[in-house]
Amino acid sequence: MVKDSGHSSAESTVFKSRRLKRPRMQGRTYTADAEPGDTVKVAGWVHEIRDLGGIAFLILRDKSGKIQVKFEKDEMDDDLVETGLGVHRESVVVVEGDVEEEPRAPTGVEVTPESVEVLADADPELPLDPSGKVDAELSTRLDNRTLDLRKDEVKAIFEIRAEVLRAVREKFRDVYATEINTPKIVATGTEGGTELFPITYFGKEAFMNQSPQLFKQLMVGSGLERVFEIGPIFRAEEHNTPRHLNEATSIDFESAFADHQEAMDVCEAVVKAAYEAVDENCQEELEALDLQDEFEAPEGDFPRLSYEEAIERINATGKLDEQLVWGDDLPTEGEKALGEDVGTHYFITDWPSEIKPFYIKDHDDDEQLSTGFDMMHPNMELVSGGQREHRYEHLVEGFEQQGLDPESFEYYTKMFKYGMPPHAGFGLGGERLIMTMLGLGNIREAVLFPRDRQRLSP
RNA sequence: GCCGACGUGGUGUAAUCCGGCGAGCAUGCGGCCCUGUCGCGGCCGUGAUCCGGGUUCGAAUCCCGGCGUCGGCGCCA
């Protein structure tokens, strides 16, 4: 049988499906697998009904794509027609019938139904329109995320997110890192108590962890040596921007016997691996997002600018009202100006020690200069990392200088007395990676159920 | 934490400056017609000014408070 017409045609790509294997379960055929000549049972949601009078079409949608079901009123059983065309949009139905080649159908194939069963009727008034004829605001979409995720372009974001996480895990494994999971309920935070969510833990004060930083460092001194974690972090800051979440996904890496340069190497490799995997495996999703032409994996090495060069270049753009001086943190506006100037992902290295956290090691030959680095997308910060302070006395000193009580971090510091190797690592914002990769206007688009300052449900 | 903008049918918008006829349009929903739609089409119908108070002959529109939403900065991933 010739299969080169129909659902492999270029104009019908949105109806086709992704590369995932599709097992047949309970005799069900995914719409993308329905071939002319097959007798199938397809199940999914009623995407649309187009009633032309004597003939009518029901578009059935499932995870793999869409397929057209044909109803010819004069030639088919009245009950069958009534069931098939009386159902509301977005209801769940099972259709059994024969698949035929049909050039006039959107995918080139069409189902002539023998039976139609409504498994779950949908209310006629939907809180948003999954067929996408009328846009919904982000707030409405997030309140009705289940329906929102029936749209191809929204679903695509999360298929891509899954692919990014898969590729990132694989790259970490390639460099001999072991995936770990660390506690999210903790007694003390990483950098003090100000930005933590307090909770009650069997009558004791506890917090939601803002970063796996301290735990992953403890693991480089363990037999695991080189670890990574992909997990939630919680930040209680009351910001309200399109690039902040109060619950985010952190992609963390930490390695014994590595310095900040090597940590940057891994960071760069991981980000590139994510882009390459999406480029290779998610073309359909990119098309759904209308990014197939502009999406490209970053080429070449990410430039590594020193902090000093960074502020000089920002000052040279003339876009800031006030010139930056050594010791200033980079304001958002400055980051954007620099991003435009550089034009690709880049690192900022050699930050002043005073604006980096205590666990970052200073350069041996200059105490004012830290090994901390940030990795930037032209639009925003994605990563921060550095070589860590592994010397017990220096670490305790660092706590004191930041006004923290080393006693309350004893669980952490004491392990530095029993053979803690030099080490380095980084934390990468998972949602920011997705957001910048896909050019999403709001980071909430990259999370199924975002937690922000005012949103706690769903 | 500081600052700002916005809340109109189920959804998305117009009218808001400069108060005034029946709050318009699209989509949805309901009805009728239509045998190849693919944003199907045509006709008819349906449904809304966030809440409370104030100013006014008259408030979606102006003022005050509340609630909600979105954003800018700071800080960060």
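**Exercise 1. Which crossing does α6 make as α6 passes α12?**

Solution. The crossing of α6 past α12 is right-handed. Note that this is a predicted model.

**Exercise 2. Find how the axes of α6 and α12 lie, and name the class of their angle.**

Solution. Step one: locate the helices. Helix α6 spans residues 260–281, and helix α12 spans residues 430–438. Step two: take the geometry. Their axes come within 12 Å and cross at roughly 50°. Step three: classify. Angles under 35 degrees count as roughly parallel, and 65 to 115 as roughly perpendicular.

**Exercise 3. Work out where the buried residues of α10 lie around the helix axis.**

Solution. Helix α10 covers residues 392–401. First, pick out its buried residues: Leu-395, Val-396, Gly-398 and Phe-399. Next, look down the axis. These residues fall within an arc of 155°, so they line one face of α10. Then turn to the face pointing away from the buried side. Exposed Glu-393 and Gln-401 sit there. Finally, ask what covers the buried residues: α11 (410–413) is included in that cover.

**Exercise 4. Which residue with a positive phi follows α10?**

Solution. Gly-403 follows the helix, and its phi is near 75°.

How values were computed. Residues numbered from 1 in each chain as written. Chains lettered and ligands numbered in written order. Predicted model: local features only at pLDDT ≥ 70, side-chain atom pairs only at ≥ 80, totals over all residues. Heavy atoms only, no water. Axes fitted to C-alpha atoms, helices over the stretch in contact; angles between N-to-C directions. Helix = DSSP H or I, 4+ residues; strand = E, 2+ residues; numbered from the N terminus. Parallel < 35°, antiparallel > 145°, perpendicular 65-115°, else oblique. Left-handed = near helix turned anticlockwise from the far one by under 90°. Buried < 20%, exposed > 50% of the residue type's maximum accessible area, 1.4 Å probe, protein only. Arc of directions from axis to C-beta. Contact = heavy atoms within 4.5 Å.
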